[in-house]
Amino acid sequence: MASAAVESFVTKQLDLLELERDAEVEERRSWQENVSLKELQSRGVCLLKLQVSSQRTGLYGRLLVTFEPRRCGSVAALPSNSFTSGDIVGLYDAANEGSQLATGILTRVTQKSVTVAFDESHDFQLSLDRENSYRLLKLANDVTYRRLKKPADILQHLLGCLPERSGFICAVAERTCHHPRTSWHWENHDCG
């Protein structure tokens, strides 16, 4: 593949990736503005009437908060949902329809609870009351976007440095499958 064709391919992929990211953000924003909370919960992207069951400090000073459904007698289970570890969620006070209190990453999901990691910075102190009721809303996930964009950006910058008849393959699949190492492979088509 000629260098110009590779550059065109990478540029097109970056443009498509950006469009996909924008569409996902807009879809989530539209949900928040136009769909009721009960409907969002039935779609599996919102958990309502949660209470704090525990708080602790995790790795790198992150605040780990475990939420459970409010108990009405017996032990309650979470409603059917699409939440998984690694999802980005917004935390809201159930009493207010207002802005979100914080953004965090789900670290653990069970049938009866979810644990969210909040990054505690110096200017941000999250104070959660065990008696209050909260809700979690799944937000657009930018982790996958960044994992796909970074190798494409690197490849785009390396195109001028590659020999004209060499193929450069970036194992993006390994990167997006949460593999800790990125594999880079060189193929030389001049071995003739």
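The model is predicted. Of the 192 residues in the protein, 34% are buried.

**Overall organisation**

- Read from the N terminus, the elements follow the order α-α-β-β-β-β-β-β-α-β-α-β.
- Among contacts between residues at least 6 apart in sequence, 61% join residues at least 24 apart.
- The accessible surface of the protein amounts to about 12,000 Å², and carbon and sulfur atoms account for 51% of that surface.

- Strands of a sheet pair through backbone hydrogen bonds, in either a parallel or an antiparallel manner.

**Strand 6 and its two partners**

- Strand 6 (residues 134–138) runs antiparallel to strand 1 (residues 46–57), and three bridges join the two.
- Within this pairing, Y134 of strand 6 is the bridge partner of L50, and L136 of strand 6 is the bridge partner of L47.
- Strand 6 also runs antiparallel to strand 3 (residues 88–93), to which five bridges join it.
- The bridge partner of G90 in strand 6 is L137.
- Strand 6 is mostly covered, with five of its five residues buried.
- Y134, L136 and K138 point one way from strand 6, whereas R135 and L137 point the other way.

**Nonpolar cores**

- In soluble globular proteins, nonpolar side chains tend to be buried together.
- The largest nonpolar core holds 19 residues, and those touching the most other members are F67, L91, F118, L128 and L136.
- Two or more residues of this core come from each of strand 1, strand 2 (63–69), strand 3, strand 4 (102–109), strand 5 (114–118) and strand 6.
- Another core, of 10 residues, lies apart from the largest one and includes C46, L48, I88 and L139.

**Surroundings of F118**

- When its neighbours within four places in sequence are left aside, F118 is in contact with R62, L63, V65, F67, L91, A102, T103, G104 and L126.
- Among these contacts of F118 are F67 and L91, and F67, L91 and F118 are named among the residues of the largest core that touch the most other members.

Terms used
Residues are numbered from 1 along each chain as its sequence is written. This is a predicted model: local features need pLDDT of at least 70, side-chain atom pairs count only at pLDDT 80 or more; totals for chains, interfaces and linings use all residues. Side-chain values use heavy atoms; hydrogens and water are left out. Two strands pair if DSSP finds at least two bridges between them. Helices (H or I, at least four residues) and strands (E, at least two) are DSSP runs, numbered from the N terminus. Buried means under 20% relative accessible area, exposed over 50%, partly exposed in between (1.4 Å probe, protein chains only). A nonpolar core is a set of buried Ala, Val, Leu, Ile, Met, Phe, Trp, Tyr and Cys residues joined through side-chain atoms within 4.5 Å. Contact means heavy atoms within 4.5 Å. Accessible areas come from the Shrake-Rupley method with a 1.4 Å probe; for residues, only the protein chains shown count as cover.
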